[in-house]
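The exercises below are to be worked with the sequence and the model side by side. Each task is followed by a stepwise solution.

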Amino acid sequence: MVDQRLKSKALNIKTGSIFPWHFQLIAVVIVIGSVALFLTNMVLSLVLLIVGMAMLTSYSGILVDTSKKTYRAYYSVLQLKIGDVVSYEGIEKIFVNANKESQKIYTSHTLDSNTFKNIVYDGYLKFMDGNKIHLISKKNKPAVMHKLNEYADFLAVELQDNTPDNLSLFNNDSDENRF
């Protein structure tokens, strides 16, 4: 990791896809359809191919350049990055928080509902001026901590774990203010 840091002073973090999985599935169908249309309607085929590939390759990310002391939160579409470059004084820390998430799903025939509860771990990068940028969000804490450790080592900052030790999903709602 140290050798890589000497070669490159920029950390590029892909934070997530812009389109959800079902839109990406539609994009695959669009790309396949564009290939099928290629011989009959070349212009429509190329337009559909570009739209489908744009949907498949788009994602959001953050580029932190430690040598220039700048960062850029961007959207990448067809490998073109769109976003403003912002300078910073310094990086204070990387930290992780735990959040409770619940989703209520109703059945179509009986209108009964089930509530699914999860704990989600969110990682953030905090700059000296107080700005925070969201880096990662997963239900698996070890996976989040592993990624954040890599980022903290590269940026030479501390990793702070703000999650409580005894986090429970099924406590009363009175403990909501702890987070």
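**Exercise 1.** Is leucine 78 buried, partly exposed or exposed, and what is its relative accessible area?

*Solution.* The model is predicted, so local features need pLDDT of at least 70 and side-chain atom pairs pLDDT 80 or more, whereas totals for chains, interfaces and linings use all residues. Residues are numbered from 1 along each chain as its sequence is written, and side-chain values use heavy atoms, with hydrogens and water left out.

Step 1. Buried means under 20% relative accessible area, exposed means over 50%, and partly exposed lies in between (1.4 Å probe, protein chains only).

Step 2. With a relative accessible area of 38%, leucine 78 is therefore partly exposed.

**Exercise 2.** Which residues of H2 are buried, and how are they arranged around the axis?

*Solution.* Step 1. H2 has 16 residues and spans 23 Å from its first C-alpha to its last, close to the 22 Å expected at 1.5 Å a residue; the expected span is 1.5 Å times one less than the number of residues.

Step 1. Ala27, Val31 and Ser34 are the buried residues of H2. They cover an arc of only 65° around the axis, so they lie on the same side of H2; the arc is taken from the directions from the helix axis to the C-beta atoms.

Step 2. An α-helix has 3.6 residues a turn, so residues three or four places apart point the same way.

Step 3. The buried residues of H2 pack against H3, contact meaning heavy atoms within 4.5 Å. The face of H2 turned away from its buried side carries the exposed residues Trp21, Leu25, Val29, Ile32 and Ala36.

**Exercise 3.** Which helix supplies the largest share of the nonpolar patch?

*Solution.* Step 1. Helix H2 (21-36) and helix H3 (42-57) each supply at least two residues of the nonpolar patch.

Step 1. H3 gives the largest share, six residues.

Terms used. Helices (H or I, at least four residues) and strands (E, at least two) are DSSP runs, numbered from the N terminus.
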